[in-house]
Amino acid sequence: MIGNELRRAGGLSILIEVSGIDNERNDDDVTVTILYSADPMRRDGSSKVVLPDFTFRVNDNPEFSQDFVRFRGRLADGVIMTDPIGKVTMHEGPASTWSLAHARMRLEFTPDGGLRALLGGYRDWREFLTMAFFQASDYENTIGFNSPAMYNATRRAADGLKDPATGEFTGLSAAYEIEGVPAFIPPEQHLQLAVGGAFKPVASK
C-alpha cells in the first residue's frame with residue numbers, strides 16, 4: 001500500500017513493454033520487458049486514478065537500468081505467459097528493493113488498453129523479514145505486529161530454493177498483482193528497446 005501510494009504521488013514509475021506481437025490472440029514468440037522511469041505518473045482530480053497515454057522516459061540511472069529485465073513468452077487466447085528467468089530485482093522506490101528467483105509473468109490486456117498481470121517467483125524469506133522488521137518496534141506498538149510470530153510463520157511457510165548444504169528451504173512463494181495504463185516511450189528509446197513487431201507499453205500503477 002505504501003509503495004503503491006509513493007508511485008502515485010510522483011515516485012519511481014515502473015514500465016512494462018510487450019513487444020513482438022504479430023497476432024493479438026495467439027503468438028508463440030513475445031517479449032516482456034520491465035523498465036523504470038523517473039517521470040511521475042499523472043493522476044486525475046481524485047488523486048487515485050492514473051491517467052493513460054503519457055510519455056515516460058526510461059531511467060538511465062545505473063541504480064535502476066542495471067535491473068532492466070526481459071522475459072520471453074507466448075500469447076495464447078489473449079493471455080501472455082512468460083518463461084521463468086533466474087532472478088528479477090524490483091524497485092518499489094529509492095530505499096525499497098527486493099528480488100524474486102525463478103520469476104515468471106502472466107499478462108492480459110484489458111478492453112481499455114490497460115494491463116493486468118501477475119509477477120510470481122520465490123523471495124528469500126530472510127530478505128523479506130529484513131524489510132518487514134525495518135520498523136518492527138514501531139509496528140508492534142501501533143498495529144500489534146508480532147515479530148517472533150512472523151519470523152516463525154514465514155520460516156515455516158518457505159517452500160522453495162532448497163539449500164543443498166542444509167536441506168532447508170530459503171525461498172517463499174510470492175506473487176504480485178500489477179495494474180497498468182497505456183503509456184508511451186520516447187521514439188529514440190523505443191528504437192533501442194523494441195525487439196520487433198507491435199508493442200504495447202504500459203505504466204504500472
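# Briefing: cores, strand pairing and salt bridges

The largest nonpolar core has 27 residues, of which Phe71, Met105 and Leu107 touch the most other members. A nonpolar core here is a set of buried Ala, Val, Leu, Ile, Met, Phe, Trp, Tyr and Cys residues joined through side-chain atoms within 4.5 Å. This is a predicted model: local features need pLDDT of at least 70, side-chain atom pairs count only at pLDDT 80 or more, and totals for chains, interfaces and linings use all residues. Residues are numbered from 1 along each chain as its sequence is written, and side-chain values use heavy atoms, with hydrogens and water left out.

- A second, separate core of nine residues includes Leu15, Leu35, Met41 and Ile185.

**Chain totals**

- The protein chain has six helices and 12 strands; helices (H or I, at least four residues) and strands (E, at least two) are DSSP runs, numbered from the N terminus.
- Of its 205 residues, 42% count as buried; buried means under 20% relative accessible area, exposed over 50%, and partly exposed in between (1.4 Å probe, protein chains only).
- Among contacts with a separation of 6 or more in the protein chain, 57% are between residues 24 or more positions apart.
- The protein chain exposes about 11400 Å², and carbon and sulfur atoms supply 53% of that area. Accessible areas come from the Shrake-Rupley method with a 1.4 Å probe; for residues, only the protein chains shown count as cover.

**Pairing around strand 10**

- Strand 8 (residues 115–124) pairs with strand 10 in the antiparallel sense over 10 bridges; two strands pair if DSSP finds at least two bridges between them.
- In that pairing, leucine 119 stands opposite tyrosine 176 of strand 10.
- Strand 3 (residues 54–55) and strand 10 (residues 169–184) pair in the parallel sense over two bridges, and threonine 55 stands opposite phenylalanine 184 in strand 10.
- Strand 9 (residues 160–162) runs antiparallel to strand 10, with two bridges joining them. Glycine 160 has glycine 171 in strand 10 as its bridge partner.
- The hairpin of strand 9 and strand 10 has six residues between the strands, and glycine 167 in this hairpin takes a positive phi near 80 degrees.

**Salt bridges**

- The count comes to six salt bridges, each defined as a side-chain nitrogen of Lys or Arg within 4 Å of a carboxyl oxygen of Asp or Glu.
- Arginine 57 and aspartate 39 meet in a salt bridge at 2.5 Å, N to O. The pair links distant parts of the chain, 18 residues apart: arginine 57 is in the loop between strand 3 and helix 2 (62–65), and aspartate 39 is in the loop between strand 2 and strand 3.
- Arginine 57 counts as exposed because its relative accessibility is 53%, whereas aspartate 39 is buried at 12% relative accessible area.
- Arginine 74 forms a salt bridge with aspartate 83, with the closest N and O atoms 3.0 Å apart. Arginine 74 is partly exposed at 39% relative accessible area, and aspartate 83 is partly exposed at 28%.
- Glutamate 108 and arginine 106 form a salt bridge whose closest N and O atoms are 3.6 Å apart. Glutamate 108 is partly exposed at 33% relative accessibility, and arginine 106 is partly exposed at 37%.

**Helix residues and surface patch**

- Phenylalanine 128 lies in helix 3 (residues 125–132) and counts as partly exposed at 25% relative accessibility.
- Leaving aside neighbours within four places in sequence, phenylalanine 128 is in contact with Arg123, Met150, Thr154 and Leu172.
- Phenylalanine 128 and tryptophan 98 are 30 residues apart in sequence and 7.8 Å apart in space, C-alpha to C-alpha.
- Isoleucine 2 is in helix 1 (residues 2–8) and counts as exposed at 57% relative accessibility.
- Met1, Ile2 and Leu6 form a nonpolar patch on the surface, with about 400 Å² of accessible area together. Patches are made of residues with over 30% relative accessible area and no salt bridge; like charges are joined within 9 Å, and nonpolar side chains (Val, Leu, Ile, Met, Phe, Trp, Tyr) within 5 Å.

Methods
Contact = heavy atoms within 4.5 Å.
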